[in-house]
Amino acid sequence: MDSNHLNGGVDANGMDDINRPLLEPLDVRTLKFKIGEIHCASCSTTIESVVGKLDGVKSVTVSPIHGQAAIDYIPELINGSKIKEAIEDAGFPVDEFPEQDIAVCRLRIKGMMCTSCSESIESALRMVDGVKNAVVGLALEEAKVHFDPNITDTSLIIKAIEDAGFGSELISSGNDVNKVHLKLEGVNSPEDMTIIQSSLESVEGVNNVEVDVLEKKVTITYDADLTGPRSLIHCIEEAGSNPKSYQASLYVPPRRREAEQQLETRMYRNQFFLSCLFSVPVFLFSMVLPMLSPYGDWLMYKIHNMLTVGMLLRWILCTPVQFIIGRRFYVGSYHALRRRSANMDVLVALGTNVAYFYSVYIAMKALALDNFEGEDFFETSSMLISFILLGKYLEVLARGKTSDALAKLTDLTPDTACLLSLDADGNAISEMEISTQLIQRNDILKIVPGAKVPVDGIVISGQSHVNESMITGEARPISKRLGDKVIGGTMNENGCLQVKATHVGSETALSQIVQLVEAAQLSRAPVQKLADQISKFFVPAVVIAAFLTWLGWFILGEFGLYPISWTPKGMDRFELALQFGISVLVVACPCALGLATPTAVMVATGKGATQGVLIKGGNALEKAHKVKTVVFDKTGTLTVGKPTVVSAVLFSNHSMEEFCAVATAAEANSEHPIAKSIVEHAKRFLNKFGSTEHVVEAKDFEVHTGAGVSGRVGDKMVLVGNKRLMREYNVQVGPEVEKFVSENEKLARTCVLVSIDGKVAGSFAVTDPVKPEAACVISYLHSMGISSIMVTGDNWATAAAIAREVGIDKVFAETDPMGKADRIKELQMKGLTVTMVGDGINDSPALAAADVGMAIGAGTDVAIEAADIVLMKSNLEDVVTAIDLSRKTMSRIWLNYVWALGYNILGMPVAAGILFPLTGIRLPPWLAGACMAASSVSVVCSSLLLQSYKKPLHFQNVKSA
């Protein structure tokens, strides 16, 4: 009986149609734009016909009325630019063509040895059509690629890396914002998998579904606003029907980076031990036993002619080390030379091959001649490879510790959480322990004393103190009560809290911090350019130097220009020259140069994150150490940022109730801290006296940057702001008002004037206390040789009073946000490197204009685009920490460079034999290889010393002292 009868007459193609999931594997995208010169339906039909013939276009719709085109296409087959060209070739101009999409992906790179490798990968990636930018991190072993998804995709990018001779796999792409991995049960056939996939794809908010039929796993990318992991599990369970039932459970894939680091460490360790299994006997047969007569006499037994037992054993034992264990150096050299570049693999392969094949030549000659005497270098080849593998093993171990701080951050999130179910009155009716990865937005969670907060949320019940030191670096527990925000990964101290989840998965503050630090570790500091420039000519220069060394010693020997006594026993002058040449080849180390900067940046950014200082990249880290001037915003930066109204005075016949109601209506839509304090004070006053004054909404509301707000409240025109706003609207400020303003400004208070219908009706006096550590920080910056300036939109008198209190001499007052940026540019014109410290509310232009922008008190908002450095706490001492950490890091980088360059500058002449004529000191090739391996390890260990960094300023300690 054939399959058609079994399947009810449905053929194979029909079955394919049934099994095809709702979302096809090929991605279909929609492109919308306007087309000009469409005069009738015939024009639109022509365009539809032309575009419809293009391979990869699924559908075309052109409106003859609006000239709007909507085209569905498959980006794997065609891109937007080709569609545009086809329409223009048909004689129709294309208008409002959308800007190209830019997607981002992160890739793990395997097989990089030095800066030359990372540069080769970057060059290969930039040659891929559609790739806009590519950055490769040597120490992090990752690449970040910006590309146009209409032209290329991640598979082509990975192929380009593999073609360049390196391994690669995708870590994440731009659409992996929220992803969950599920393990399936009850799935027995591909049809079951298709049913589950189709059910999931029909759920609102599901962006992509990937199924693994063999492993019975499914990976779902979703929008956290619309669905969540528990809803998806429920969907899978509902997809089953009798007699079939499906179950799904959370599957946590192993951490790739940790797993690969362990695999790489084990690989180098095993290769080293395996090489030692052969190299140690070779070393003993070559260097030790011949000197221990009679124990080593058997090695001198001649097998045939001059070929001895020792030489044959060394040849046999060295060969697997050279070609099997050392295969990785051949492969690396092949790919490097194919790219027309050279790296450490080329030097090692060249040096070991010269030693090995010269030794083979000596062995063959000894076998053929009965009067030949020569020394083989088999121990040079095998010991050299063994020491290099030992160095790589130690380097991988040390390099793994550079990301320890990041690993600690990722481990802060608890594995489980307590999920509450509430009734209509808000009372808990049940609780259930679930995995943290199953938490969805708006879930109610119970946080008991001593438990970690699983995700970001808002307290809806309870009161406690939460230790946030692991996220913000704030040592003291923070009081939390109704309405307060809590951060995932922090520790609940003493009370029981009920928290409503607001940010889950990759949206939590902790996840964003990790993403920011990873991006920073991948970025390249400008100082790295030194290593990049050196690496371009380093290896060719070493090869030339090695050849000239061999040639120089060989010519000197041939012409008898040095005494025969200089030649070691059992070695002729050619062999001595060859050993010097090989030593020069293998002693040079480009790896140490390549690791000098990225390892230090990795440790520093990770250490900064644990201290509550998020540095957005190597560029910011390098610039911060040059800072000579720090410009501080006033409100929320030097001051606490919570202004309070201390007095309200009337200058008109309006009642205080009417005055407060009008001010509340005008300021209600403003986000400024002073506006919020006025609204809070006015509402408190109206409630206290039981006022029936109705607060109406302001019409024609307008913000006057740096001056105040205006709007129409009922039939009244209301202005709320400073004297500059009053002048702009020609509102007279009388002597009585001037006196009130002057007296309060001398007390460091800000006066907010309220004008009703062109007359000043009254004023609020607002004070914002100075942060207790402000004066100490300004003084410490001065001791570091850094001057401090205050810039504010507030009046001169208040600004001057605050400046005197904290110890700042130079002040720019009554400055709007763009004016702040202009002031910074003026300072930069004088040759100063300027840092701007602001609270990120209205300081974005100044933060962007400064050489280094620091957003202070960002709390959970770690994605401030304008800032280069985000300070998680509102504590000014972190400004000192950021600058000091930058200085320490740059000192460490230059120390690494001095060591790496100094090692090569000193090591190569010694290897070339510069000390040999005077002292008899010679660097054998195997010892030169050991020195080369040690140089890379020493640079990484030097960077690791940054993990012991301590904050230079602790205000509490200063105050107690």
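The structure is a predicted model, in which local features need pLDDT of at least 70 and side-chain atom pairs count only at pLDDT 80 or more, while totals for chains, interfaces and linings use all residues. Residues are numbered from 1 along each chain as its sequence is written, and side-chain values use heavy atoms, with hydrogens and water left out.

A search of the whole structure finds 17 salt bridges, a salt bridge being a side-chain nitrogen of Lys or Arg within 4 Å of a carboxyl oxygen of Asp or Glu.

I begin with Asp633 and Lys820, whose side chains form a salt bridge at 3.1 Å, N to O. This pair links distant parts of the chain, 187 residues apart: Asp633 lies in strand β25 (residues 629-633) and Lys820 in helix α28 (residues 817-829). Helices (H or I, at least four residues) and strands (E, at least two) are DSSP runs, numbered from the N terminus. Both Asp633 and Lys820 are buried. Buried means under 20% relative accessible area, exposed over 50%, and partly exposed in between, with a 1.4 Å probe and protein chains only.

I turn next to Glu169 and Lys110, which meet in a salt bridge at 3.9 Å, N to O. Glu169 belongs to strand β8 (residues 167-173) and Lys110 to strand β5 (residues 103-110), 59 residues apart. Glu169 is partly exposed because its relative accessibility is 23%; Lys110, at 40%, is likewise partly exposed.

In the salt bridge between Lys217 and Glu215, the closest N and O atoms are 3.8 Å apart. Lys217 counts as buried at 17% relative accessibility, whereas Glu215 is partly exposed at 41%.

Finally, a network of salt bridges links Arg106, Arg108 and Glu142.
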